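Let's walk through this structure together, from the overall fold down to a few pairs of side chains. Keep the view open as you read.

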Amino acid sequence: MTSKEFVGQEREVAYAKILDGTVNGGFNDRGMDVVLTNSLSIQVKSSVAGLMDFLGKSLKFKRFIPVVVGEPGTKEEILGSLAQFGGWVGRDVPQRERVLVGIAQVRVLLEGSPHLRNRRA
């Protein structure tokens, strides 16, 4: 196991604990690293580079999966950001607002979500 995989697994566990979900991560998880109790699943990324790659694949396969990157916030912060932008970006991530806007733009392209139009991070 690489250090990147170890950090990713630690983050999956942290997000699952905060959001009252279960870890489903691993190969062939169909992008659902953490399954929440309300049938929502999220992808957990350990870097912005990994996030960008994941969003690129989302566009290719025309399927949006909510995504989180960086250190978790509170349950309310994360769920609010998932609802508004389709993702959470930890405060430890440089250019956090720009990354949130990028996630929201991919979501709008794939889902046409009207409540996201003209929103800013």
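Predicted model: local features only at pLDDT ≥ 70, side-chain atom pairs only at ≥ 80, totals over all residues.

We'll take confidence, then the sheet and its helices, then the salt bridges.

The chain has a mean pLDDT of 85, with 79% of its residues at 70 or more. Looking element by element, strand E5 (residues 87–89) has the highest mean, 98, while helix H1 (residues 3–18) has the lowest, 75. Both ends call for some care. Over residues 1–6, pLDDT stays under 50, and the model has three contacts there beyond four places in sequence. Residues 116–121 also stay under 50, with 15 such contacts.

Now for the fold. You can count four helices and five strands, and from the N terminus they run α-β-β-β-α-β-α-β-α. The strands make an open sheet with mixed pairing, in the order E1-E2-E3-E4-E5. E1 (22–23) and E5 sit at the edges with a single partner strand each, so one side of each has no neighbour in the sheet.

Further in, strands E3 (residues 41–45) and E4 (residues 67–69) run parallel and are joined by three bridges.

What about burial? Of the 121 residues in the chain, 41% are buried. The chain exposes about 7,200 Å², and carbon and sulfur atoms supply 54% of that.

Finally, the salt bridges: there are five in the structure. One of them pairs Arg 11 with Glu 71, with the closest N and O atoms 2.6 Å apart. Arg 11 is in helix H1 and Glu 71 in the loop between E4 and helix H3 (75–85), so this pair ties together parts 60 residues apart in sequence. Arg 11 is buried, at 14% relative accessible area, whereas Glu 71 is partly exposed at 41%.

Another joins Glu 77 and Arg 91 at 2.7 Å, N to O. Here helix H3 supplies Glu 77 and the loop between E5 and H4 supplies Arg 91, so the parts tied together are 14 residues apart in sequence. Arg 91 counts as exposed at 54% relative accessibility.

Glu 111 and Arg 107 form a salt bridge as well, at 3.2 Å between the closest N and O atoms. Both lie in helix H4, four residues apart, about one turn of the helix.

How values were computed
Residues numbered from 1 in each chain as written. Heavy atoms only, no water. pLDDT = per-residue confidence, 0-100. Helix = DSSP H or I, 4+ residues; strand = E, 2+ residues; numbered from the N terminus. Contact = heavy atoms within 4.5 Å. Buried < 20%, exposed > 50% of the residue type's maximum accessible area, 1.4 Å probe, protein only. Areas by Shrake-Rupley, 256 points an atom, 1.4 Å probe, with all protein chains shown as cover. Pairing = 2+ DSSP bridges. Salt bridge = Lys/Arg side-chain N within 4 Å of Asp/Glu carboxyl O.
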